[in-house]
Amino acid sequence: MEVLVALMLGVLTTCGVYLVLRPRTFSVVLGLTMLSHAVNLFLFSMGRLHSNAPAVIGAAQQHADPLPQALVLTAIVISFAMTAFVVVLALRSALELRNDHVDGVDKEEEPI
Amino acid sequence: MHLMILPVLIPLFAGALLTLLYGLSMRQQRALSLLSILGQLLVALLLMQQALSGDYFFYQLGNWQPPFGIVLVLDQLSAMMLLLLAGLALFSTLYACVGDDRKGAHFHALIQFQLLGLNGAVLTGDLFNLFVFFEILLIASYALLLHGGGRERSRAGLRYVIMNLVGSAFFLIALGVLYGITGTLNMADMAVKVQQLPAADRPLIHAAAALLLVVFGIKGALLPLLFWLPRAYAAAAAPVAALFAVMTKIGIYAMIRVFYLVFGGEDGIHLSLWQWLWPLALATMVIGAIGALGARSLRGLTAWMVIVSVGTLMAAIAEASIPALASALLYLCHSTLLTATFFLLADLVQRYRPGPRDYFVTGARVRHPVLLGALFFTAAVAFAGLPPLSGFISKVWLLSSVTSFWGYAVFWPLLLASSLVIIVALSRAGSALLWRQSKQEPLQAKAPASATSLVVCLLTLSVLFSVLAQPLMTFATSTATQILTTERYLHAIPLGGGL
């Protein structure tokens with residue numbers, strides 16, 4: 001199970017980082033989503049991986065740590081809201097700027 | 001007793017009310033918002049009075065004992081930050097009331113939510129709670145940055161949001177590693193646990209600490225992670241930019257709090273962090289100075305000056321001595337107030353010069369050249385560090401507090417050179433904006449007297465800084481001593497049976 005989770009984490013993070021570094025907003029948003037999935041999975045696995053363990057101390061030989069699950073819940077809510085926000089923002093800026101580039105030289109940009 | 005939770009509750013309820021009561025007139029919204037900020041200022045003053053005793057105060061949320069529950073911690077550092085935040089918020093909200101708050105919806109509610117995040121972040125004693133408050137202040141800041149709309153704001157906003165979302169992901173990874181190894185999220189408890197770790201777990205802690213440096217580096221604009229800042233701050237509306245002047249300082253506050261407390265033990269995890277932070281901070285200072293020379297508008301120049309001040313601060317923090325940290329705290333307050341003043345001043349200049357705005361091009365004579373020139377000159381003298389204003393005192397103290405060989409060999413020349421470059425950049429700005437005048441008909445536009453008087457008040461604060469330098473320096477020294485003697489914190493916190 002450890003190997004499987006570690007591989008998943010690695011693949012998700014790699015894809016996320018690659019996509020975040022792409023020049024268009026759509027792939028960046030996808031990349032951010034993947035990155036946040038990877039982070040959630042990672043946080044979840046920080047309570048150690050057990051199966052069929054109750055979240056109560058003393059009820060069984062091994063107990064599952066409930067705290068990372070609570071943390072993941074918070075992280076999921078935040079990342080979900082942020083994804084929604086960044087999608088709207090990306091759409092708005094694509095409409096206003098008439099392109100969907102995150103980076104690069106833009107001739108219409110005001111100097112500062 | 002319950003005073004400590006008020007800096008979180010007041011803006012929370014004020015923000016919620018402002019959102020729910022959508023039908024409020026602008027006058028009522030302003031009154032509610034200002035009332036809430038005045039309340040926060042009052043609470044911050046009371047808390048400061050409490051913290052001046054030098055003790056630590058803890059507030060256990062829901063009466064859950066730390067390390068199981070979330071605990072709020074009040075010491076001199078957090079009291080100082082609360083006071084700075086409330087003061088700055090008062091000025092920026094008052095300035096927004098001149099008219100900028102009409103340019104978009106929900107301005108006052110967003111300011112309150114921003115303050116909720118900021119106040120919470122400086123009070124909390126729990127790492128995950130710090131993350132949550134960081135998210136709250138970031139979400140509010142995303143919306144505030146876009147306040148008023150327009151292409152430049154969308155462009156800068158998108159980059160700012162993406163940058164900070166990646167930062168949040170890193171923050172969570174670092175927290176996950178720290179929790180996975182130490183089994184706790186309370187900062188004090190974690191500091192104790194980190195000391196007792198077996199040698200095999202050390203590299204992981206180092207990695208997590210380095211990740212936290214990246215995260216706080218993004219917030220605080222450390223060298224490779226700062227290029228989002230100039231455009232974002234220059235694009236923001238003036239009162240928003242003035243409030244954002246403190247956002248980078250929150251990254252620095254988090255560095256001070258987390259690195260000194262959690263990783264500040266004798267085994268020297270923080271020493272490896274300082275090895276990274278010190279050269280990067282100096283490079284930040286250099287890049288900031290170069291950027292200031294290349295700036296084409298007063299907003300842009302101010303944004304780069306924020307970066308110079310951040311670099312100076314971080315270099316002083318990495319010295320990790322009581323005098324260096326104390327002078328850094330004084331410089332933190334001074335530079336926050338002054339950069340906020342400059343953002344507001346840039347807005348004044350834009351109101352006085354409708355055509356060329358605050359770009360460094362020669363324009364017609366403005367309506368009140370002496371007034372505007374005097375304000376600009378005073379602010380420039382104060383920021384650049386010329387006597388007798390606050391910049392001079394804090395910079396001299398910074399220089400005299402650095403005593404290592406590398407301090408003399410590298411920090412001194414770089415700080416002095418960057419100050420010189422800032423003087424050159426500010427002189428260029430002043431002569432282009434106010435000194436040189438074209439032969440055209442004089443401009444008739446002017447800023448409202450209330451806006452001008454707010455800038456005057458902020459500058460008076462800088463004068464007060466140098467008048468009250470002695471007590472402020474005593475306070476900063478005792479605060480730095482309190483930060484660096486972490487044993488007292490660890491003894492004072494009522495860690496329950498979890499240990």
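Predicted model: local features only at pLDDT ≥ 70, side-chain atom pairs only at ≥ 80, totals over all residues.
Local features need pLDDT of at least 70 and side-chain atom pairs count only at pLDDT 80 or more, whereas totals for chains, interfaces and linings use all residues; side-chain values use heavy atoms, with hydrogens and water left out. Residues are numbered from 1 along each chain as its sequence is written, and chains are lettered from A, and ligands numbered from 1, in the order in which they are written.

Trainee: How much area do chain B and chain A bury between them?

Mentor: Contact, meaning heavy atoms within 4.5 Å, joins 39 residues of chain B to 35 residues of chain A. Buried area is the accessible area (1.4 Å probe) that two parts lose on being put together, summed over both. Carbon and sulfur atoms carry 71% of the area here, and the total is about 3500 Å².

Trainee: Which helix gives the most to the side of chain B that touches chain A?

Mentor: Helices are DSSP runs (H or I, at least four residues), numbered from the N terminus. Across this interface, 11 residue pairs are in polar contact, both residues at pLDDT 80 or more; such a contact is a pair of N or O atoms within 3.5 Å, where within protein one must be able to donate a hydrogen and the other to accept it, and residues adjacent in sequence count only if both atoms are side-chain atoms. On the chain B side, α5 (127–145), α6 (151–182), α9 (229–235) and α13 (298–319) each supply at least two residues. With 18 residues, the helix that gives the most is α6(B).

Trainee: What is the distance between the closest N and O atoms of B:Arg159 and A:Glu109?

Mentor: A salt bridge requires a side-chain nitrogen of Lys or Arg within 4 Å of a carboxyl oxygen of Asp or Glu, and the interface of chain B and chain A has three. B:Arg159 and A:Glu109 belong to a network of salt bridges that also links B:Glu152, B:Arg155 and B:Arg231. Between B:Arg159 and A:Glu109, the closest N and O atoms are 3.5 Å apart.

Trainee: How many residues apart in sequence are the parts that B:Asp100 and B:Arg351 tie together?

Mentor: These two residues form a salt bridge, with the closest N and O atoms 4.0 Å apart. B:Asp100 lies in the loop between α3 (76–96) and α4 (107–123) of chain B and B:Arg351 in helix α14 (residues 322–352), so the parts they tie together have a sequence separation of 251 residues.

Trainee: Is B:Asp100 buried or exposed?

Mentor: Buried means under 20% relative accessible area, exposed over 50%, and partly exposed in between (1.4 Å probe, protein chains only). B:Arg351, at 23%, is partly exposed. Because its relative accessible area is 4%, B:Asp100 is buried.
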